[in-house]
Amino acid sequence: MAFLATAEACDSNAALLASGDLRALQPIFKIYGQCRAFSGPIVTLRVFEDNVIVRELLETRGEGRVLVIDGGGSMRCALVGGNLGQLAQNMGWAGIVVNGCIRDVDEIKGCDIGVRALASHPTKSNKKGIGEKHVPVQIAGTLIQDGEWLYADSDGILISKSELSV
C-alpha cells in the first residue's frame, strides 16, 4: 500500500474535511510499534478492561486492516501487550489504535506494525470476554465506523469514509 502523508491528505481533501467524510482524531495518542506510518480499513471493537475479544480478532487474518479498540479511555490496565502485538504482525494486521493502554512497550517496539495508545500500564486486563465487535465507536472526539479507513503517521490519525488516493 502506498504511503499517504496525513498533512498532505488534509491539504488535498479540503472538501472531505468540510463535509466530515474525512476527520482528524484529537492528538492524544502516543506512537508505539515499528511502523510510524500505517493505514487500512478499520475493524472496530468496544471493550472495557477486558482483552479476550481483542485476542479473538487478532487471531483472524488481518489482511492489512487496522484494529480500532475503544477501551473507554481506561488508564487502569493494558488491553494490548507484546504477545498480541506479535500476533497482529504475524496475522497481517497493519496496525492497532487503542483508546486505552498497552504494555510490554519494548516488545511492541520490535513489532512490524503501527500501534497507537493513550499510554502504557504494566497491569494486564480482565479475561471475561465482554465486548462488542464491528460497532460504531466514539474516540478522540470522532465517531468511527467499522469499514472506514484509517491513515496514521507522525502528524496524526485521519479517519475517512472511503479509501483516499495517493
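The radius of gyration comes out at 15 Å, in agreement with the value near 15 Å for a compact globule of 166 residues; the figure is taken over C-alpha atoms, and the globule rule is 2.2 Å times the number of residues to the power 0.38. The model is a predicted one, so to speak of local features takes a pLDDT of at least 70 and side-chain atom pairs count only at pLDDT 80 or more, while totals for chains, interfaces and linings use all residues. Residues are numbered from 1 along each chain as its sequence is written, and side-chain values use heavy atoms, with hydrogens and water left out.

Along the principal axes, the C-alpha atoms fill a box of roughly 45 × 30 × 25 Å. The protein has five helices and twelve strands, read as DSSP runs (helices H or I, at least four residues; strands E, at least two) and numbered from the N terminus. Of the 166 residues, 48% are buried, where buried means under 20% relative accessible area, exposed over 50% and partly exposed in between, with a 1.4 Å probe and protein chains only. As for contacts (heavy atoms within 4.5 Å), 75% of those with a separation of 6 or more link residues 24 or more positions apart.

Now for the inside. The largest nonpolar core has 24 residues, and Val-54, Leu-58, Leu-67, Ile-69 and Val-80 have the most contacts inside it. Such a core is a set of buried Ala, Val, Leu, Ile, Met, Phe, Trp, Tyr and Cys residues joined through side-chain atoms within 4.5 Å. At least two of its residues come from each of β3, α3 (52–58), β4 (66–70), β5 (78–80), α4 (82–90), β6 and β7 (114–120). Helix α3 gives the largest share, four residues. Leu-58, setting aside residues up to four places away in sequence, touches Leu-67, Leu-84, Leu-87, Ala-88, Met-91, Trp-93 and Ile-96. There is also a second, separate core of 18 residues, with Val-66, Leu-118, Ala-140 and Ala-152 among them.

Trp-149 and Tyr-151 are stacked, at 6.2 Å centre to centre and with 20 degrees between the planes; both residues are buried. Rings of Phe, Tyr and Trp (its six-membered ring) pair if their centres lie within 6.5 Å, and planes under 30 degrees apart count as stacked, over 60 as edge-to-face and the rest as tilted.

Thr-44 sits in strand β3 (residues 38–46) and counts as buried because its relative accessibility is 0%. A polar atom of its side chain lies 2.6 Å from the backbone oxygen of Val-135. Beyond its neighbours within four places in sequence, Thr-44 is in contact with residues including Val-68, His-134, Val-137 and Ile-144.

His-134 itself is in the loop between β8 (132–133) and β9 (137–139). Its phi is positive, about 60 degrees, although His-134 is not a glycine, and at 44% relative accessibility the residue is partly exposed. Glu-49, in the loop between β3 and α3, also has a positive phi, near 55 degrees. Glu-49 is buried, with a relative accessible area of 11%.

Finally, UniProt lists Asp-104 under "binding site" in an unreviewed entry; its positions follow the numbering used here, feature names are shortened, and annotations may be inferred rather than shown by experiment. Asp-104 lies in the loop between β6 (95–102) and α5 (105–109). With a relative accessible area of 31%, Asp-104 is partly exposed, and it touches Gly-81 and Gly-82, not counting residues up to four places away in sequence.

Conventions
Polar contact = N/O pair within 3.5 Å; in protein donor to acceptor, adjacent residues only side chain to side chain.
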